[in-house]
Amino acid sequence: MTKLTTARMKELASKHAIVLVLAGLVLFTGLFESSFFSTDNLGNILRISSIRIIIALGVGGVLITRGTDLSAGHTAGLCACIAASLMQRADYATKMFPHLPYLPVVVAIAAALAVGLLVGLFNGLVVAFLRVPPFITTLGTMVIVMGVAGLYVDRPPQGAIPIGGLRDDFTSLGTGSWGPFPTVIVIAAMMIFLYWLMLNWMRLGKNTYAIGGNPEAAKVSGVNVSWNLVIVYMLGGVSYAVAGVLLAARSGGATNNYGNMYELDAIAAAVIGGVSTAGGIGTVSGMLTGVLIFQVMDNGLSSLGVSPYWQLIAKGIIIISAVAIDIRKYNSRK
Amino acid sequence: MNDEGSPYRANQAPEAHSSLLEMRGISKSFPGVKALDQVSLNVRRGSVHALMGENGAGKSTLMKCLFGIYHPDGGEIVLDGKPITLRDTRQALDHGIAMIHQELHPIPHRSVMENIWLGRYPVRNFGLVKIIDRKKMLRDTQALFADLRIDLDPEAWVFDLSVSKIQSMEIAKAVSYRSKVIIMDEPTSSLTGREVEHLFGIIRKLRTEGVAIIYISHKMEEILAIADDVTIMRDGKLVGTYPAAELTTGLIINRMVGRDLTSRFPVKANVPGETVLRVEGLTSSEHMSFSDVSFELRKGEILGIGGLVGAKRSELVESLFGLRGIKTGRIWIRGKQIAISNPIEAKKARLALLTEDRRGTGIFPALSVFDNTLIANLGHYLRGLVFLDRARGVADVKRNIEMLRVKTPSQHTFIENLSGGNQQKVIVARWLLTDPDILILDEPTRGIDVGAKFEIYAIIADLAKRGKSIIMISSEMPELLGMSDRILVMCEGRMTGIVDAKEATQERIMTLATQFKLQAQAQAQ
């Protein structure tokens, strides 16, 4: 066994600082709020985190390429609407498509994934081939997706209608369990595993880090930069679609406001988890830790009775501090 | 003298040819290199002082010390008889020292006059509010241009101007600081003959007004046409300062290179075989780049490419590798005519390129040695369709870093923690894994310490012996002569000759690198 010298402990601490922060946060909250450690509460934190980590994975992948994806939240929202609209009970009064026959759940999921994939493809093509900066591209896409979602649920003259009355076989995706584990957590775990495989064991992942780390060198090395970018944005789109389906299933409905601002939470979580906005750096475990930190904070501060407005202020300060520290770490290595 | 601080001091009938600027015993070291060693420079008032030397002789470093960009480790700078210290470029400008860089960086989406007066716009005060006085700015600019006989609209957008116009603007800007000394770094590198004449007109005018011009250039004819004094540097040391009238091209070249081949090179045992690459009439699609380059490369041969900065050697090899466009010309590889439009196709044609800028286009600083080595060749490490065979990768990386003697704690160390020489070896390993026939090495030993250089030479010699064909760009004369079988020399985008390294001398290569005209005459006879 390696001896734990002070230097080594320091090195470990700085390497895993973010995990320590999470542990500290958990202990702190647990000390002040005994119900924090109840199975119910912990399960709840994980369930809510599940959807967020799925979006954070998609955004995180894009961040590693030196990009960003502002369309993530609203894409998830659009996909939630699409899945939900296909899964309404036959007897529901304000059904969106009154004459829609009974469809298997798989069809709703496939439709949502296809839409997510298309949005990602669009982002990727614009960024890779038209060379529009990712921030602008995905800002535009976000606005377009908001419009599309609005059109989709708009039923003049009543206006936009919330989609309710979802079938139990669909909502069980969000509320049910596989064996002892809640389904959402299982699906999130699968997505985490897939992204981990992609980033660590596949050519696509290696190229993704290379493109983010030094795009010029990647080009010289014969990496197909453009198509790799397109695929990473497409994977992002698929992740948001998965999150969207789960959002609809868990809440038993959807509106065109679903997913609003989720992309900002995802970017914040990824950055807190050590994904560099300068590209080329980031891990799946970091993204997961980032998401959990925000969730534990939300949960802990709420149960301590801290005003939600103060919570927002705290969150903002944490995001800025994390990046300030991250940039110093990077500079010191130069 | 009571005119201290007078703006047009330099213009007021100075004592002719007195010493204006003296740099005494300037030394400057960077980690691992002594860039300047006790260099002195004495510039007379109202003179054009040429500064010459090979690439890396220390000309730019010396000028950066004078312009406040670098701080010398030792020595002193005396201007007008008074010692000065320059902490930054602002102070240099305040002392009347201006520099026009080789690469111009104007603000494109602003007008000419806004570029000239940037940071010191004339203002009118309205109580607490200051408003930019555009009328005064326009008048001042017009006066400045009239004085220098520059034909340029002060309100034109820089975006729309040609390089030569931008340069006129930069000169006017330098003059507008009421400069006593103006440094011009390769000012003619992107100018046509007529534009050069115009520039010389401005320079002569400034000279009569007592301004001293320090003129860095590699072009012999220009130096002999415009310079009064010539200072020659070599390897960070001063060779001497001579009146231009006493110099000839031959004398300058002799003093620029005048050193023996003392560096050691490995014994080469490569035997060039059949032709693997043939290039005919290759012309760049870029403006003012290379044109009409033809050569052959044989199996197991080391072809050096020599030339000075601006000879467009990197542009040539980057075009071969598909990173830049080609307008005309043909390329045959192993007897088959081929078109390469991107690095992916270059790799398929079994070419490899080690770029000149290791940090910019070589390494992935945030990735490990392992990832840096495999990145160009991941397709060969797939097990099935998508997953990488890590074990095979680790084994191959291990074999290569041992063969190239990369000094690294492990292959999972971040590459940026290695020394420059070891980083370079990792990039060589990266390309060796793609099993290339032709390796293009652009300045392979730049920024590498002497010991590691020899190891890189040994690797190059060994690769050639094993039948790889090598193209090696180098700005170091001994390296070119010591390593190459043949040397292709370029000058200002044109090929000026291919010489057998055994018969070549430094003087011969320098002549080719500086005067394609001479070569044309020689061939005509």
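In the predicted model, B:Ile331 stands opposite B:Ile338 of strand E17 in chain B. Residues are numbered from 1 along each chain as its sequence is written, chains are lettered from A and ligands numbered from 1 in the order in which they are written. Because the model is predicted, local features need pLDDT of at least 70 and side-chain atom pairs count only at pLDDT 80 or more, while totals for chains, interfaces and linings use all residues. Helices (H or I, at least four residues) and strands (E, at least two) are DSSP runs, numbered from the N terminus.

Strand E16 (residues 326–333) of chain B is joined to E17(B) by three bridges, and the two run antiparallel. Strands are taken to pair if DSSP finds at least two bridges between them. E16(B) and E17(B) belong to an open sheet of four strands, ordered E14-E13-E16-E17, in which the pairing is antiparallel. At its edges lie strand E14 (293–298) and strand E17 (336–338) of chain B, each of which pairs on one side only. From one strand to the next the twist averages 15 degrees; axes are lines fitted to C-alpha atoms, for helices over the stretch in contact, and angles run from 0 to 180 degrees between N-to-C directions. Helix H9 (residues 313–320) of chain B packs on this sheet and touches strand E13 (275–284), E14 and E16 of chain B, its direction making about 115 degrees with that of E13(B). Contact between two residues requires that their C-beta atoms, placed from the backbone, lie within 7 Å.

Two loops of chain B contain non-glycine residues with positive phi. In the loop between E13 and E14 of chain B, B:Met288 has phi near 55 degrees. In the loop between E16 and E17 of chain B, B:Arg334 has phi near 50 degrees. B:Met288 is partly exposed, with 16 other C-beta atoms within 10 Å, and B:Arg334 is partly exposed with 15. By the criterion applied, a residue is buried if 20 or more other C-beta atoms lie within 10 Å of its own, exposed if 12 or fewer, and partly exposed in between, with C-beta atoms placed from the backbone.

A further open sheet of chain B has six strands in the order E6-E9-E10-E3-E11-E12, with mixed pairing. Strand E6 (97–100) and strand E12 (237–243) of chain B each have a single partner strand, so one side of each is left without a neighbour in the sheet. Neighbouring strands are turned by 20 degrees against each other on average, direction ignored. Within this sheet, strand E3 (residues 48–52) and strand E11 (residues 229–234) of chain B pair in the parallel sense over four bridges, and B:His49 stands opposite B:Asp229 in E11(B). Helix H6 (residues 193–208) of chain B packs on the sheet, touching E3, strand E9 (181–185) and strand E10 (212–216) of chain B, and its direction makes about 145 degrees with that of E10(B). H6(B) has 16 residues and reaches 23 Å from its first C-alpha to its last, close to the 22 Å expected at 1.5 Å a residue. The expected span of a helix is 1.5 Å times one less than its number of residues. Just after H6(B), B:Gly210 adopts a positive phi of about 95 degrees.

In chain A, helix H11 (residues 225–251) has 27 residues and reaches 39 Å from its first C-alpha to its last, close to the 39 Å expected. H11(A) is mostly covered, 24 of its 27 residues being buried.

The axes of helix H5 (residues 105–129) and helix H6 (residues 134–153) of chain A come within 9 Å and cross at roughly 150 degrees. Residues making this contact include A:Val119, A:Phe122 and A:Val126 of H5(A), and A:Pro134, A:Thr137 and A:Val145 of H6(A). By class, six residues of the contact are nonpolar, four are polar and none is charged; Ala, Val, Leu, Ile, Met, Phe, Trp, Tyr, Cys and Pro count as nonpolar, Asp, Glu, Lys and Arg as charged, and the others, Gly among them, as polar. A cis peptide bond, with omega about 5 degrees, joins A:Pro156 and A:Pro157. A:Pro157 lies in the loop between strand E1 (154–155) and strand E2 (159–160) of chain A.

Between the chains, 19 residues of chain A are in contact with 24 residues of chain B. H9(A) gives the most to the side of chain A that touches chain B, with five residues.
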